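Trainee: I have a model open and would like to learn how to read it. Can we go through it feature by feature?

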Amino acid sequence: MRRFEGKNVFVTGAGSGFGRRTAQRFAEEGARHVYMVDYKQERLDEAAPSIEASGAIAHKICLDMGDMDNCVEAMAEALEIDPRLDVLVSNAGAWVDVPFIDMATSDWRRILSVNLDAYFVLAREAAQAMKKTGGGVILFTSSIVALGHGRGFTAYCVSKAALVSLARAIAVECAPYGIRANCVSPGPADTQQSVDLVGEELMDKWRMHGFPVVPANRLADDSDIAEAFLYLASDAAKYVSGVNLVVDGALTAQTYDVPES
């Protein structure tokens with residue numbers, strides 16, 4: 001399929017994981033300009049060739065998304081190349097594993113700056129451009145922790161819950177301009193972020209033997225999440241806005257099993 005022929009797509013966290021695969025899939029389906037944002041230049045350098053091999057023009061933008069001014073400048077750079085933006089996928093994330101009671105104010109502020117402030121600024125700038133050109137799609141990577149809590153990840157969980165609310169706000173306020181906004185909430189996944197959290201040895205064990213916490217008994221892979229983004233960005237979802245699409249192998253559908261002893 002070539003659902004995004006000639007479209008312009010802006011993806012953050014595009015150097016690895018969900019963002020990288022999502023950017024690749026948009027390129028494979030015909031996107032013209034793919035703006036790739038990441039804070040590590042080497043990841044962008046590694047990811048860009050696969051975008052270009054699919055016929056898209058890869059634009060590498062390396063910056064720290066914890067600075068809102070950087071986000072404004074990144075979007076301005078893209079819009080200078082072409083004033084039309086069809087799809088924004090805000091996916092970059094930050095986290096810190098520390099108990100709530102011990103969390104430093106600087107940790108709290110850093111996580112929210114990357115996981116919420118940057119999403120707000122990019123969405124606002126994108127919406128202003130989309131309004132001028134007849135509409136577009138704004139998509140956020142939230143998480144199933146938006147629905148509950150994971151110990152040690154207070155700032156991360158709060159920011160992801162806030163993104164669901166932000167997407168709904170954009171969906172309602174920007175509907176008159178032909179702009180849709182939605183979230184994708186992944187469950188546990190096989191990504192670089194997961195490796196950074198638990199280490200390669202444990203990830204290899206889960207890859208080989210399954211992940212029984214999830215009813216589907218496996219971790220999500222990057223294509224599982226990329227395909228959700230492409231669906232929401234496509235005309236197949238043209239009446240879908242303000243939703244949080246959970247992609248978690250039935251994890252949040254489960255309550256509990258009766259103990260055997």
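Predicted model: local features only at pLDDT ≥ 70, side-chain atom pairs only at ≥ 80, totals over all residues.

Trainee: How many helices and strands does the chain have?

Mentor: Helices (H or I, at least four residues) and strands (E, at least two) are DSSP runs, numbered from the N terminus. Here there are 8 helices and 7 strands.

Trainee: What radius of gyration would a compact globule of 261 residues have?

Mentor: The rule is 2.2 Å times the number of residues to the power 0.38, with the radius taken over C-alpha atoms. For 261 residues that gives a value near 18 Å; the chain has 18 Å, so the two agree. The C-alpha atoms fill a box of roughly 60 × 40 × 40 Å along the principal axes.

Trainee: What share of the contacts joins residues at least 24 apart?

Mentor: Contact means heavy atoms within 4.5 Å. Take the contacts between residues at least 6 apart in sequence: 73% of them join residues at least 24 apart.

Trainee: At what angle do H4 and H5 pack?

Mentor: Axes are lines fitted to C-alpha atoms, for helices over the stretch in contact, and angles run from 0 to 180 degrees between N-to-C directions. H4 (residues 105-133) and H5 (residues 154-174) pack at about 15°, with axes 9 Å apart. That makes H4 roughly parallel to H5; the label covers angles under 35 degrees, with over 145 roughly antiparallel, 65 to 115 roughly perpendicular and the rest oblique.

Trainee: Which residues of H4 and H5 meet?

Mentor: On H4 they include Trp108, Leu112 and Phe120; on H5, Tyr156, Leu163 and Ile170 are among them. The contact residues divide into 16 nonpolar, 3 polar and 1 charged. Ala, Val, Leu, Ile, Met, Phe, Trp, Tyr, Cys and Pro count as nonpolar, Asp, Glu, Lys and Arg as charged, and the others, Gly among them, as polar.

Trainee: And at what angle do H3 and H4 pack?

Mentor: H3 (residues 68-81) and H4 pack at about 30°, and their axes are 9 Å apart. H3 is therefore roughly parallel to H4. By class, their contact has 11 nonpolar, no polar and 3 charged residues.

Trainee: Is Glu29 buried or exposed?

Mentor: Buried means under 20% relative accessible area, exposed over 50%, partly exposed in between (1.4 Å probe, protein chains only). Glu29 has 2% relative accessibility, so it counts as buried. Glu29 lies in the loop between H1 (17-28) and S2 (33-38). Leaving out residues up to four places away in sequence, Glu29 touches Met1, Arg2, Arg3, Phe4, Glu5 and Leu230. Across the chain, 51% of the 261 residues count as buried.

Methods
Residues numbered from 1 in each chain as written. Heavy atoms only, no water.
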